[in-house]
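This report is meant to be read beside the sequence and the coordinates. Please keep both in view while going through the paragraphs below.

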Amino acid sequence: MTDVKSAGEDRGRGGGDDRAKSVGGSGADPADASREDGAGDGVGRGDGGGDALSVDGGDRRTGAGDVSTAGAGDDTSRTGTGDDTSRTGAGDGVRIGGWTRFVTARPRLSLLVALLITALAVVAGSDVADRLGSGGWEDPAAQSTYATKALEREFPASQPNLLLLVDSGGASADDPAVAAEAKRLTARLATERGVTGVGSYWQSGSPALKAKDGHEALIAARITGDEKTAGETLDRLAPSYRGKHGPVEIEVGGPVAVRHEMQTTIREDLTRAELIALPVTLVLLVMVFGSAVAALLPLGVGIIAILGTNAVLRGLTEFTDVSVFAMNLTTALGLGLAIDYALFIVRRFREELAAGSVPLAAVATTLRTAGRTVLFSALTVAVSLAAMLLFPQYFLRSFAYSGIAVVLLAAGAALILLPAALILLGARVNALDLRRLFRRGEQRTTGGGAAWGRMASLVMRRAPLFAVATTVGLIVLGLPFLGVKFGTADDRQLPSDAESHVVQQHIRDGFPGSPGGGLEVLAEGPATETQYAQYKARIAALPEVLRVDGPLVQGDSAYFTVLPKGEAVDEEAQHLVGELRATDAPFDTSVTGTAAVLVDSKHAIADQLPWAAAFIAVVTLFLVFLLTGSVLIPVQAVLLNALSLTAMFGAVVWVFQDGHLSGLLDFTSPGSIETTLPVLMFCVAFGLSMDYGVFLLSRIKEEYDHTGDHREAVRFGLQRTGGLITAAAVILAVVMVAIGTSRVTNTKMLGLGIALAVLMDAMVVRSLLVPAVMRLTGRATWWAPGPLRRFHGRFGLSEGESPAETAPDGADDARRSGPEDDAGRRGDEEEQAGEEEQGREEGRNRDKAEARG
């Protein structure tokens, strides 16, 4: 056997023969297989005092091979002079592939470059929050969008976005002193830079601008410019108008104030969420890993992903609109997915170390198995998020931008930087075991997950019961979604004490009609006064119309303001939009307003939803087929993933639309769900569910390839990943709940809804429904027609080693099980033997019947 060399020194001298046997021989002691020169952690000490990670070059099948070492002292990778440089011993016949050599050749340099790039990302993304918008719910190609832009251009007063609520106290709004002060404020506002279309009750006398009790009235204006410019103008104006002015008191509201306050609130809430999530996540990671060193690795990957995505979003703002809400997804997925991926990789690396591999061999096995799983997981999540690019609303497209970026960055950091860190750490990844403070005796590091294995065996023994019970339960939880009502995001997204929310609530409750929430009809083309009057009479006669104002004419254009009898976006108002668009006119008409935007947004989503669903389904089916080589498993994966989301959608309607738990969760229910939010939640939650599904299926597939035993593969897969998936789900749920502490209702809904979906998927679907369904489908689970089998054989990816590459000494089998698994396995074997005997008996009976025939 070739001696282990590191940093140019022959590590086989001075008792090296015994060490070589313990590392590369078939009788390797797993407790000693990762030790070199008494280092105890797979780290060889060079004579100069520098550390060098060393790997035995023996092939465990032949007992001979070449030396492949990665020295931490000089960050170089050396291979021996033999012919087979692709394998290294470490006692397990591990292949050292090109990717492993690439990511481990210069580990210190890789981490240094990553640190520099992260620092640049911090600088590049430092002002991203100031450049994000708070809108994006409208379809840019819709009739309402066209009419809004035309009215802003031709009739700025028709689209007020700033409302000053003037409260006269106990006096009447028509009191001379009140009127004089209000007129003075109106005239002053008209002279402000960046303000146009100023009007008020005291100028127009419009009853829609005066409260029913006569004590409040409105001053309306339009702040020009994009969202950022309008926000800056509002910051400049609001302090000088807000508060007491003689006999009146002013509060600032309107759409521009709502958007600005929403942006500010989201930024503050996001900072608080990060302060909550990071320390809690670190504590949970320490509980999962025990080692403080191992716990810091996933957190580091998450921070890199978040900071990198912020820089990407900042760059995108130079070319397109990006929603401020996307920052919440960046934080949630950045931490959640990075932790998922790092958990899976670090966990597998530690398993390989515990089984006797030295660090380089452990990294090679980890990348070939867990690394490939992470890659497939990232692709499936990215596909789900990419579906939002099919929708025209930039609110949804923003989540695709941020989600795809953070997924790819998290996966890249986990597959490039994490292996470099693991090579440098070696077995020191287990250092600083904080659980020693709370336990007695020696911590067991192998053979874990016996409880999950026993549960899998129980579920498979009662597969029909578990399959039916969980399916029915999930469907029942989703029933409230049948009563969903779609609406728009308005001021009620904000806390009840937010100033802009207070102003809009006063308007809703105390003013006739729906000031600022009416419908505008743009008329374009030459027309006479008589034609305008006839058209006005026709639309005023519609049953949902309270009053029609106008027309205001300018050249060949005019507009009418139509006030609906009910709420600005209720069912009657939406129906009125259709009636207005269907009313005959001698000129071209376009309808806009809050209800019109909602109607157009719903149509845009309905048009693209089938394409988005088909895109997610087809690409997911293809990717899961490449992973498993089965026709049935991809179908199961898509259907079970969709089923796992029912509880989330049911809870969203029951809690946020119907208002249950509104007091406990501190939000104001608008009585509807924002139209784009279910699409967003589906894409995100479906991707995360596939994330966990890939983790489980990949381990089941690896075991099935190793043993050919379907039931044992399912049991072993759940045994090895059940605890890991649950831990990852709990950690991601903590992050999402932290996001859900936001004071903005949509963000609260997103965070808490996805947290529920993640927990249901991990604890119910992956733990109960998947093993039950796979037990019912049996070995047919892995079936594929001949052409597809050949296609998968050529293009598919497989995680596990083939039997020919597995050591004959049974070390790998020993790693797969422990004494604590025997009871569950015996139960499975006895049941399987009984079924086989029953099958043989049925065959004999058939033979006898045929003989008698």
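The text below goes through a strand region, aromatic contacts and backbone geometry.

The model is a predicted one, in which local features need pLDDT of at least 70 and side-chain atom pairs count only at pLDDT 80 or more, while totals for chains, interfaces and linings use all residues. Residues are numbered from 1 along each chain as its sequence is written, and side-chain values use heavy atoms, with hydrogens and water left out.

**Strands around β11**

Helices (H or I, at least four residues) and strands (E, at least two) are DSSP runs that are numbered from the N terminus, and two strands pair if DSSP finds at least two bridges between them. Burial follows relative accessible area: buried means under 20%, exposed over 50%, and partly exposed in between, with a 1.4 Å probe and protein chains only. Strand β9 (residues 162-167) has 5 of its 6 residues buried, and in β11 8 of its 8 residues are buried. Both faces of β11 are covered, with Glu216, Leu218, Ala220 and Arg222 buried on one side and Ala217, Ile219, Ala221 and Ile223 buried on the other.

| Strands | Bridges | Residues paired |
|---|---|---|
| β9 and β11 (residues 216-223) | 6 | Leu164 and Ile219 |
| β9 and β13 (residues 248-253) | 5 | Leu163 and Gly253 |

Thr186, which lies in helix α5 (residues 176-190), counts as buried at 1% relative accessibility. Leaving aside neighbours within four places in sequence, Thr186 is in contact (heavy atoms within 4.5 Å) with Val198, Ser200, Gln203 and Ile219.

**Aromatic contacts**

Rings of Phe, Tyr and Trp (its six-membered ring) pair if their centres lie within 6.5 Å, and planes under 30 degrees apart count as stacked, over 60 as edge-to-face and the rest as tilted. The structure holds 18 aromatic pairs, and one of them joins Phe325 and Phe395 edge-to-face, at 5.6 Å centre to centre and with 75° between the planes. Because Phe325 lies in the loop between α9 (292-316) and α10 (326-354), whereas Phe395 lies in helix α12 (residues 394-425), the pair ties together parts that are 70 residues apart in sequence. Phe325 is buried, with a relative accessible area of 3%, and Phe395 is buried at 1%. These two residues, together with Trp137 and Phe399, form one aromatic cluster.

Elsewhere, the charged end of Arg188 sits over the ring of Tyr241, 4.4 Å from its centre; this term requires NZ of Lys or CZ of Arg within 6 Å of the ring centre and within 35 degrees of the ring normal.

**Backbone geometry**

Most residues other than glycine have a negative phi, and most peptide bonds are trans. A cis peptide bond, with omega about 10°, joins Gly550 and Pro551, and Pro551 has its place in strand β16 (residues 545-554). Leu661 has a positive phi near 70°; this residue is found in the loop between α20 (646-657) and α21 (662-665) and counts as partly exposed at 41% relative accessibility. Asp666 has a positive phi near 60°, is placed in the loop between α21 and β19 (673-674), and counts as exposed at 58% relative accessibility.
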